[in-house]
Amino acid sequence: MSGTTPEHRSGFASFVGRPNAGKSTLTNALVGAKVVITSSKPQTTRTVVRGIVHRPDAQLVLVDTPGLHRPRTLLGERLNDLVKTTLAEVDVVAACFPANEKIGPGDRFIVNEMAKVKRTTKVAIATKTDLATPEQVGQHLLDIQALGVETGTDWAEIVPVSAQAGDQVQLLADLLIGLLPEGPQLYPDGDLSDAPEEILVAELIREAALEDVRDELPHSIAVVVEEMGLREDRPEDKPLLDIHANVYVERDSQKGIIIGHKGARLRRIGTDARKQIEALLGTPVYLDLHVKIAKDWQRDPRQLRKLGF
C-alpha cells in the first residue's frame with residue numbers, strides 16, 4: 001500500500017466463555033448499543049447475533065455465541081455445534097473469564113475446545129473487574145496465563161475489562177481491531193447488527209420475560225414473532241409498528257406463571273419489551289403477546305425446527 005492511504009481492517013471476533021461470563025454485556029459496550037440480550041441468568045443467548053463496531057479505519061464484527069457448556073438436551077447439543085462452527089470461521093476468539101470467580105473446570109473445557117481450532121488468534125479477557133479487588137484481578141490474570149500454558153493455548157493478549165464500568169473497553173476494541181486482517185468494510189455504515197429485526201425483537205421479548213420470571217422457568221421460554229409490520233392508514237409522522245408474537249413454554253403450569261394473576265405479569269412483560277423494542281427501532285410499537293405451549297420443545301427436533309433452532 002502507498003504511504004498515503006491508511007489500511008482498513010475488517011473481520012470477525014467471537015466471545016466465548018462459560019454461561020454468564022459477561023460476553024453479551026461486553027458486546028453491547030463495544031457496539032455502544034443494546035444488540036444482544038443480557039440477563040443475569042446463564043444460557044440466555046441462543047442465536048448468533050453480530051454486533052458491529054464501526055470506525056473510520058476498521059470494522060469489527062462481533063459474533064455472539066451461546067455459552068459453551070456440556071450439553072444435557074438436544075437444544076444444548078445444537079448450541080454447542082453452533083459454537084464450534086463459529087469458532088472456526090472467525091479471525092479472533094476471545095475467551096471471557098469473570099474476575100470475581102475462580103477459574104474452574106468449565107473454563108478448562110472451553111479453552112480445550114478453543115485449542116482444537118488451530119488457525120484462529122486467541123485472546124483472553126478478564127471480565128467484571130469492577131467486582132474484584134486489584135489483588136484478585138492480578139491473581140486472576142496469572143491464573144489465565146497458567147491456563148494458557150496448561151492447555152497449549154498461546155494468548156495473543158490478556159486484557160482486564162469492566163463492561164459495566166466502561167474500563168478498558170476502548171483499549172479492548174483497539175487490540176481486537178489490531179488483530180484483524182486488512183480488508184474492506186463488510187456492512188453498511190450505521191448497521192449495528194445483521195440479525196433480522198424479527199430476531200432482535202423476539203430476543204428482547206424473551207429477555208423481558210426472563211427478567212420477570214427469574215427463577216421459575218429459566219430456559220423453557222422461546223419467542224417467535226409471527227407478524228411484524230407498519231400499521232396502514234397512519235400519517236407518516238405518526239407511524240405505529242404492529243408486532244404479534246407468541247411466547248412458547250413447555251407445560252401448562254408454566255403458561256400460568258407467565259400470564260400471572262389476571263394477566264398482570266404478561267402485561268408487565270409486554271410493557272418492558274415494548275420500551276426496549278421502541279428504543280432499538282426508534283418507532284412506536286403495538287405489541288400483542290400470546291402464550292402457547294410447545295410440549296418439551298427443548299428435546300423435540302420438530303419443535304426445535306419450528307422455533308428456529
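Reader: How many helices and strands are there in the protein chain?
Author: The protein chain has nine helices and nine strands. Helices (H or I, at least four residues) and strands (E, at least two) are DSSP runs, numbered from the N terminus. This is a predicted model, in which local features need pLDDT of at least 70 and side-chain atom pairs count only at pLDDT 80 or more, while totals for chains, interfaces and linings use all residues. Residues are numbered from 1 along each chain as its sequence is written, and side-chain values use heavy atoms, with hydrogens and water left out.

Reader: What percentage of the residues count as buried?
Author: Of the 309 residues, 50% count as buried; the term means under 20% relative accessible area, with exposed being over 50% and partly exposed in between (1.4 Å probe, protein chains only). As for contacts between residues at least 6 apart in sequence, 71% join residues at least 24 apart. Contact here means heavy atoms within 4.5 Å.

Reader: On to packing. At what angle do helix 6 and helix 8 cross?
Author: The axes of helix 6 (residues 197–213) and helix 8 (residues 264–281) cross at roughly 140° and come within 9 Å. Axes are lines fitted to C-alpha atoms, for helices over the stretch in contact, and angles run from 0 to 180 degrees between N-to-C directions. The two helices are therefore oblique to each other: angles under 35 degrees count as roughly parallel, over 145 as roughly antiparallel, 65 to 115 as roughly perpendicular and the rest as oblique.

Reader: Is arginine 265 buried or exposed?
Author: Arginine 265 is buried, at a relative accessible area of 16%. Its side chain reaches the backbone oxygen of isoleucine 257 at 3.0 Å. That is a polar contact, a pair of N or O atoms within 3.5 Å; within protein, one must be able to donate a hydrogen and the other to accept it, and residues adjacent in sequence count only if both atoms are side-chain atoms.

Reader: What about the loop between helix 7 and helix 8?
Author: Lysine 262 lies in that loop. Its phi is near 55°, a positive value in a residue other than glycine. Lysine 262 counts as exposed, at 72% relative accessibility.

Reader: And where is lysine 128 found?
Author: Lysine 128 is in the loop between strand 5 (121–127) and helix 4. Lysine 128 has a positive phi of about 55° although it is not a glycine, and at 21% relative accessibility it counts as partly exposed.
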